[in-house]
Amino acid sequence: MEYIWGHSRRFNAYSNYFRRTYGERRQKVSVDAGFTCPNRDGTVGTEGCKYCNNASFNPSYCNPADPISEQLRKGIAFHQKRYRKVHKYLAYFQPFSNTYASLEKLKVLYDEALSFPNVVGVVVSTRTDCMDDEKLAYFAELSAKHHVIIEYGIESCYEKTLAWMNRGHTFAQSKEMIFRTHACGLRQGVHLIIGLPGESREEILQEAGILSALPVDSVKLHQLQIIKGTPIESEFQQHPERFSMFTLEEYLDLVIDFLELLRPTIVVERFAGEVPPDYIESYNWGHIRNEQIIQMMEKRLEERDTFQGKRF
Ligand code: SF4
């Protein structure tokens, strides 16, 4: 059976989106352009979000001291060993807030990435309060010739949770910027964390409906992870009862319930985050790779005979 996203997988998968759109895979290559974020440099806060440790997901080939082109050279060489059939890449500006600088500085960095051989686009991870109309216009201009996707960390649709995590911006701000980004014709994705303290199962599932009503093109889901050295680690140690730490099986079922409520046209990029075991405090599912989680998810979708958007 073929679903409305054009294949038989039971969710609108990111990898298939690229094959369908370009006829081949596009591989993201992370770069660290040395940005900071307003929740760390004192503009809105100095402590950062409670769960944040950027080092936990930054690949070893990313060194902000290296020029962007050098990081891309190393990153492409790394991925070429793993994915021999991939020939086109997207520079993934990942750590911190990658629009948190003057437009002039952004132009230098993004133009350098886009002039690297075989880099056909950029993925720009940022906060909604680090975007403005001038920058949106610049990215919209780039998107006329390149693949551009803006990735916003919204993390939760609830103001109470954003206040608890010390996010330093509101969901109302995120919503407003999502509409403005869409109005500029840009593709955009959002990150959402599943299992945040104070959010009931019903509230988590309601987020699927809230996101579906926004002009969002893709979503990345992450389970809450207790990363060593973050403020959330000490809160977890002192008040473990505040945290609903799901087993992998419980998490998969919760995410499937979420998927059933999600708009079918939203591309799903991730079901869970993958952090090296050294960074995890006390709770984890073992060292499970993202590919394994996808396989388990597909098996569970089959067992439950369900699919993305079934109850949308
Ligand atoms: S998660 Fe992002 S926005 Fe929050 S402190 Fe870390 S870099 Fe800043």
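Predicted model: local features only at pLDDT ≥ 70, side-chain atom pairs only at ≥ 80, totals over all residues.
Residues are numbered from 1 along each chain as its sequence is written.

View 1. Gln237 counts as exposed because it has 11 C-beta neighbours inside 10 Å (exposed means 12 or fewer other C-beta atoms within 10 Å, buried 20 or more, and partly exposed in between, with C-beta atoms placed from the backbone). Gln188 is 49 residues apart from Gln237 along the chain, and their C-alpha atoms are separated by 36 Å.

**View 2. Strands S1 and S2 as a parallel pair.** Strand S1 (residues 27-31) and strand S2 (residues 89-93) pair in the parallel sense over five bridges (pairing requires at least two bridges found by DSSP), and Ser30 stands opposite Tyr92 in S2. Because four of the five residues of S1 are buried, this strand is largely enclosed by the rest of the structure.

**View 3. The crossing of helices H3 and H4.** The axes of H3 (residues 103-114) and H4 (residues 133-143) come within 10 Å and cross at roughly 25 degrees, and the two helices are therefore roughly parallel to each other (angles under 35 degrees count as roughly parallel). The contact is made by Leu103, Leu106, Lys107 and Tyr110 of H3 together with Glu134, Lys135, Tyr138 and Leu142 of H4 (contact means C-beta atoms, placed from the backbone, within 7 Å).

Definitions and conventions:
Axes fitted to C-alpha atoms, helices over the stretch in contact; angles between N-to-C directions. Parallel < 35°, antiparallel > 145°, perpendicular 65-115°, else oblique. Contact = placed C-beta atoms within 7 Å.
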